[in-house]
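Hi everyone, thanks for making the time.

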Amino acid sequence: MKNDFFRGLTTIKKEEADVILTGIPYDLGCSCGKGASLAPQIIRDLSSFLPPLTMDGKRIETKIFDNGDILSFDEIEEKGNEIFQLNKFSLFIGGDHSVTIPLQKSYLDVIKNKGLTPAVIHIDAHPDICDFYDGSKYSHACTNKRTLDNGLTDENLTMIGIRGYEEQEVDYFNNHPDIKVYQSSYINRLDKKGEKYIDQMIDEIIERNRGKAVYLSYDIDANDPSFAPGTGTPEAFGLNSVTLLKILKRLFIELDIKAFDIVEVSPALDSNNITSWLALKTIYEILPIINKR
């Protein structure tokens, strides 16, 4: 099949778009397995084979403007500022999680200038709240610490799926109890008890973030490696993809999520593009919700 990215969902007119999609093919902030720089193009390529329908057979009518790629880390903050000023839903495909640092910096500035309260929901196996990692302040392990340094308050940071810590992160959490962390072990226990318990947890997250302008950052390694093997830092004992999708869809339906990134998909480490397909199918499940809003 010829390259027909997103099978008719794209528009060449930015003003007609519901979603501004931008790729960030960068993985120099990654400390372990690399290859995430390949994800934006691979996911676009795969979209040529995926009909614009949800998994329940509902037609997707959301219009996407493909904004191309940001090729330099140093340009991300400036380009992000331009994108957030468009007042469109902003979708970013990374790249490793370090790309979120300048994106969230520009997001905080734009949202605060509008008189709104910014919040971050971080779905990940790792807290990414190290001050330094591998000698860098801009490692993918430092994403949330930099965002807090840039002005996000503790009570406006929520983490979901966490199960892999550095010692400095445990110390940080002990001194910052207002950051809410939903560990993978806790979510998996609720999952075994029944659907209503997961719903109650999601209700808590919604109440915590209601009335705020939310940036949702989704590291694909939040999924258990059995569902997402193609990632640089796979972490055992993760979330299953059905539960994670349920969480995502509820949050998108009920919260004012203005920006969404999917990061750490590494086609170079994948098997049969399983992880890239997961990222793409997740986007397709979210697109109709954005359109309805």
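**Strands and crossovers**

Let's begin with S1 and strand S2 (residues 64-69), two parallel strands joined by four bridges. Strands count as paired here if DSSP finds at least two bridges between them. Helices (H or I, at least four residues) and strands (E, at least two) are DSSP runs, numbered from the N terminus. One of the bridges pairs valine 19 with isoleucine 64 in S2. To get from S1 to S2 the chain goes through helix H1 (residues 39-47), and this β-α-β crossover is right-handed. Right-handed means that, with the strands pointing away from the viewer, the path from the first strand over the helix to the second runs clockwise.

Before going further, a word on what you are looking at: this is a predicted model, where local features need pLDDT of at least 70 and side-chain atom pairs count only at pLDDT 80 or more, while totals for chains, interfaces and linings use all residues. Residues are numbered from 1 along each chain as its sequence is written, and side-chain values use heavy atoms, with hydrogens and water left out.

Now look at strand S5 (residues 157-162) and strand S6 (residues 180-183), which run parallel and are joined by four bridges. Here the chain passes from S5 through helix H5 (residues 167-175) to S6, in a right-handed β-α-β crossover. Isoleucine 160 has tyrosine 182 of S6 opposite.

Staying in strand S5, find methionine 159. Is methionine 159 buried or exposed? Methionine 159 is buried, with a relative accessible area of 0%; buried means under 20% relative accessible area, exposed over 50%, and partly exposed in between (1.4 Å probe, protein chains only). Methionine 159 and serine 217 are 58 residues apart in sequence, with 9.6 Å between their C-alpha atoms.

For another pair, go to leucine 287 in helix H9. Leucine 287 is buried at 1% relative accessibility.

**Backbone details**

Next, some spots in the backbone. Glycine 94 and glycine 95 are joined by a cis peptide bond, with omega about 20°. You will find glycine 95 in the loop between S3 and H3.

Then come two phenylalanines. Phenylalanine 6, in the segment before strand S1 (19-24), has a positive phi near 65° although it is not a glycine. Phenylalanine 237 also has a positive phi, about 65°, and is not a glycine either. Phenylalanine 237 sits in the loop between strand S7 (213-219) and H8. Phenylalanine 6 is buried at 1% relative accessible area, whereas phenylalanine 237 is exposed at 67%.

**Cysteines**

How many disulfides are there? The count comes to zero, taking a disulfide as a pair of cysteine sulfur atoms within 2.5 Å. Cysteine 30 is in no disulfide, as its nearest cysteine sulfur, in cysteine 32, is 6.5 Å away. Cysteine 30 is buried, at 9% relative accessibility.

**Pockets**

Last stop, the pockets. On a 1 Å grid over the protein atoms alone, a pocket is an open set of points where a 1.4 Å probe fits, with protein on both sides within 12 Å along at least five of seven lines; lining residues have an atom within 4 Å of a point.

The largest pocket has a volume of about 330 Å³, a volume being the space filled by probe spheres set on the points. It has 17 lining residues, and the closest to its centre are Asn87, Lys88, Phe89, Lys258 and Arg293. Strand S3 (89-94), helix H3 (100-113), strand S8 (256-263) and helix H9 (274-292) each give two or more residues to that lining.

The second largest pocket has a volume of about 270 Å³. Among the residues lining the second pocket are Thr54, Asp56, Glu285 and Arg293. Helix H8 (241-254) and H9 each give two or more residues to this second lining, and H9 gives the most, with four.

That's the tour, so over to you for questions.
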